[in-house]
Amino acid sequence: MKHFLSIEKLTRAEILDLLESARGYKATRGKSDSRPLQGQTWALLFNKPSTRTRVSFEVGIREFAGGVMFLSQGDIQLGRGEPIRDTARVLGRMVHGAVIRTFAQNDVEEFARYSGIPTINALTDEEHPCQIIADLLTIFEKRGTLEDLKVCFIGDGDCNVARSWIWAAERLGFELRITAPANYQPSPDFKRRITNPKIYFPRVAAEGAAGVSVLYTDVWVSMGKEVESAQRLSDLAQFQINRELLQAAAPGALVLHCLPAYRGKEITEEILEAHAQTIFDQAENRLHAQKAILAGVVR
Ligand code: CP
Ligand code: NVA
């Protein structure tokens, strides 16, 4: 695995291998002197804000004995229009790997192509692959298995996190219900690429949640969609994780949220706080998952 650009591009074996590796890094944190990035400097290029992804990569790279520099768009010439391929060719001669958060998926792929160095997608408009590795790790820890998994993703079913969930279900074969209004579903062209018959697109919240083992949500207004805020909050109002929805899920269902959470919007304060242990374990798992991804691309 030279790059980590999307869940779509991974095989089932690669996903399972990353989960195994992340569990190992979690179990041995502070006890092992694994230094896979010794002597390396990594660049984090972020064109959107981040708490979890930025901090987990910075800590992970340092714990692997690497150096790290954070470059926001405003810090570098990319922000003044220097093409991504030129930025990539310069950085490729100076640093050993790059972690990129931006808008277009194509930009991350172009960076990978032109830089020649390991490149990791830290979120684009199309996918949030790092998030899904941490999510699957959390589900595995809480349930002890990924067998018989039924996941309901509720909210903006066409956002990056929902799309990465679709590819995870496609590769691992579990049941996934992308529960969203018609205008918040992936396009027909996108849906045609799906082969797992257990990926459904219910448009009624209670139908999507019925009997599931995991209820999952993400913000209703993704980064870059702020101008649509009022419309989105109104369109998605019936697609909230609340007490009533949770009652439709299987007994003991997990509630997950990639965070940041907007209480009273995609999830109620009550349910978020009742499931905070799981949700913040999920956030912590970003660190262990990033280490597995970093080790995977430099192996
Ligand atoms: N879940 C997630 O990616 O959080 P940040 O935007 O804070 O990195
Ligand atoms: N879908 C969200 C994920 C945030 C981690 C966004 O793109 O803003």
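Visitor: Which polar side-chain atom lies 2.7 Å from a nitrogen atom of ligand 2?
Guide: One belonging to S222. Bear in mind that this is a predicted model.

Visitor: What does N160 do with ligand 2, in terms of distance?
Guide: Its side chain puts a polar atom 2.8 Å from a nitrogen atom of ligand 2.

Visitor: And what about M223, side chain or backbone?
Guide: Backbone. A polar backbone atom of M223 is 2.8 Å from an oxygen atom of ligand 2.

Visitor: How much of ligand 2 does the protein bury?
Guide: The protein buries 95% of the 270 Å² that ligand 2 exposes when taken alone.

Visitor: Which residues are around ligand 2?
Guide: L123, N160, D218, V219, S222, M223 and L259. By class, that shell has four nonpolar, two polar and one charged residues.

Visitor: Where does ligand 2 sit?
Guide: In the largest pocket. The space taken by ligand 1 is also the largest pocket.

Visitor: OK, ligand 1 then. Which residues surround it?
Guide: The shell of ligand 1 is made up of S50, T51, R52, T53, R101, H128, Q131, C258, L259 and R286.

Visitor: How do the residues around ligand 1 divide by class?
Guide: Two are nonpolar, five polar and three charged.

Visitor: What are the distances from ligand 1 to the side chains of T53 and R101?
Guide: For T53, a side-chain N or O atom is 2.6 Å from an oxygen atom of ligand 1. For R101, the corresponding distance to an oxygen atom of ligand 1 is 2.9 Å.

Visitor: What about R52?
Guide: R52 has a polar side-chain atom 2.9 Å from an oxygen atom of ligand 1. As for cover, ligand 1 has 250 Å² of accessible area on its own, and the protein covers 95% of it.

Visitor: Switching to the chain as a whole. How is it divided?
Guide: Into domain 1, residues 35-127, and domain 2, residues 131-282.

Visitor: How far apart are the C-alpha centres of the two domains?
Guide: The centres of domain 1 and domain 2 lie 28 Å apart.

Visitor: How many residues are in contact between domain 1 and domain 2?
Guide: 10 residues of domain 1 are in contact with nine of domain 2.

Visitor: Last one. Why is ligand 1 said to lie between the domains?
Guide: Because domain 1 and domain 2 both give residues to the shell around ligand 1.

Conventions:
Residues numbered from 1 in each chain as written. Chains lettered and ligands numbered in written order. Predicted model: local features only at pLDDT ≥ 70, side-chain atom pairs only at ≥ 80, totals over all residues. Heavy atoms only, no water. Near = heavy atom within 4 Å. Polar contact = N/O pair within 3.5 Å; in protein donor to acceptor, adjacent residues only side chain to side chain. Areas by Shrake-Rupley, 256 points an atom, 1.4 Å probe, with all protein chains shown as cover. 1 Å grid on protein atoms, 1.4 Å probe; cavity = no way out; pocket = protein on both sides within 12 Å on 5 of 7 lines; lining within 4 Å. Sits in = over half its atoms within 2 Å of the grid points. Nonpolar A, V, L, I, M, F, W, Y, C, P; charged D, E, K, R; others polar. Domains from an automatic or database assignment. Contact = heavy atoms within 4.5 Å.
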